[in-house]
Amino acid sequence: MAYEYKFDKEKCWYKEACSKYNTLDCNPSCIRYMEMDYLMQNSGIPRNRQYSALLTPSKQDVNSFVFLNEIKNDMINFVENGESLYIYSDNFGNGKTTWAIKLMQSWFDKIWAGNGFRSRGIFIHVPTFLTKIKEGISRRDEDFETLKSRLMDVDLVIWDDIAATKLSDYDHANLLTYIDQRKLQELSNIYTGNLPQEELQEALGNRLSSRVWNDSIPVRFLGADRRGIKW
């Protein structure tokens, strides 16, 4: 789908902090809004997740939240060094995907100036991605083909819900191809999932699980569902 620019000051990511918000200078020619809008829309982050959700950690997750916040504040080095994270938990709704998106948003915020409308990050929901690859066998989707080509060289990719579904040999080969190439090029990845190391190995196989676990910093959340609680 072609990118279409639409200015909406009420949906600006910076309206709470920008001194120009709701003044005559708050208009469609705002470069910061243009660049951030382009980065967000081309990332594939779902529209209802493009604005920072408020979270608070359970007591068990305070250290993990503090650690991720330190990374969030240093995303330039994280991405430039080709580092990766695996954020996982046995539980649902405790902030894994939200934190992954927060980190990508922080990356965008730090590089928007002078970006020149280049794609710098992609959000992939892994089960949906693998389904679309299979659909592409019988029906070619040009937008999806473009997305796949961008996966090979974009700075940062979120692989959301990895190992959420049983992988066929075909799924495994496709997923390994993209992740392997990104690691060989020292590009950053953020994985989210619900499996600890041994179960991840069973689900993904030795080579792919090694990419996700051994080549990443594992961050575990222990708390229960925290949706709707302010952070």
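## Two strands side by side

Let's start with a pair of strands in this predicted model. Strand β1 covers residues 84–89 and strand β4 covers residues 188–193, and the two pair in the parallel sense over five bridges. To find a spot where they face each other, look at Ser 84, which stands opposite Asn 189 in β4. In general, strands in a sheet pair through hydrogen bonds of the backbone, and the pairing can be parallel or antiparallel.

## The whole sheet

That pair belongs to an open sheet of five strands. Going across it, the order is β2-β3-β4-β1-β5, with parallel pairing. What stands at the edges? That would be β2 (121–125) and β5 (217–221). Each of them has a single partner strand, so one side of each is left without a neighbour in the sheet. From one strand to the next, the twist averages 15 degrees.

Helix α2, made of residues 62–72, lies across β1 and β5. Against β5 its direction is about 135 degrees.

## The chain as a whole

Step back and you can count nine helices and five strands in the protein chain. Following the sequence, they come in the pattern α-α-α-β-α-β-α-α-β-α-β-α-α-β. How compact is the protein chain? Its radius of gyration is 18 Å, close to the 17 Å that the globule rule gives for 231 residues, so the chain is as compact as a globular protein of that length.

## An open pocket

Next, have a look at the second largest pocket, with a volume of about 400 Å³. Its lining is made up of 18 residues, and the ones nearest its centre are Trp 13, Tyr 14, Met 36, Ser 52 and Gln 105. Which helix gives the most to this lining? It's α4 (residues 96–111), with five residues.

Sorted by class, the lining of the second largest pocket comes out as eight charged, six nonpolar and four polar residues.

## A closed cavity

The largest cavity has a volume of about 40 Å³. Its lining residues are Lys 132, Glu 135, Gly 136, Arg 139, Asp 141 and Phe 144. By class, that lining has four charged residues, one polar and one nonpolar.

Asn 22 isn't a glycine, yet it has a positive phi of about 65 degrees. You'll find Asn 22 in the segment before α1 (31–43).

Asp 161 isn't a glycine either, and its phi is positive too, at about 60 degrees. Where does Asp 161 lie? Look in the loop between β3 (156–160) and α7 (169–184).

Conventions:
Residues are numbered from 1 along each chain as its sequence is written. This is a predicted model: local features need pLDDT of at least 70, side-chain atom pairs count only at pLDDT 80 or more; totals for chains, interfaces and linings use all residues. Side-chain values use heavy atoms; hydrogens and water are left out. Two strands pair if DSSP finds at least two bridges between them. Helices (H or I, at least four residues) and strands (E, at least two) are DSSP runs, numbered from the N terminus. Axes are lines fitted to C-alpha atoms, for helices over the stretch in contact, and angles run from 0 to 180 degrees between N-to-C directions. Contact means heavy atoms within 4.5 Å. On a 1 Å grid over the protein atoms alone, a cavity is a set of points where a 1.4 Å probe fits but cannot get out, and a pocket is an open set with protein on both sides within 12 Å along at least five of seven lines; lining residues have an atom within 4 Å of a point. Grid points are joined across faces, edges and corners, and a volume is the space filled by probe spheres set on the points. Ala, Val, Leu, Ile, Met, Phe, Trp, Tyr, Cys and Pro count as nonpolar, Asp, Glu, Lys and Arg as charged, and the others, Gly among them, as polar. The radius of gyration is taken over C-alpha atoms; the globule rule is 2.2 Å times the number of residues to the power 0.38.
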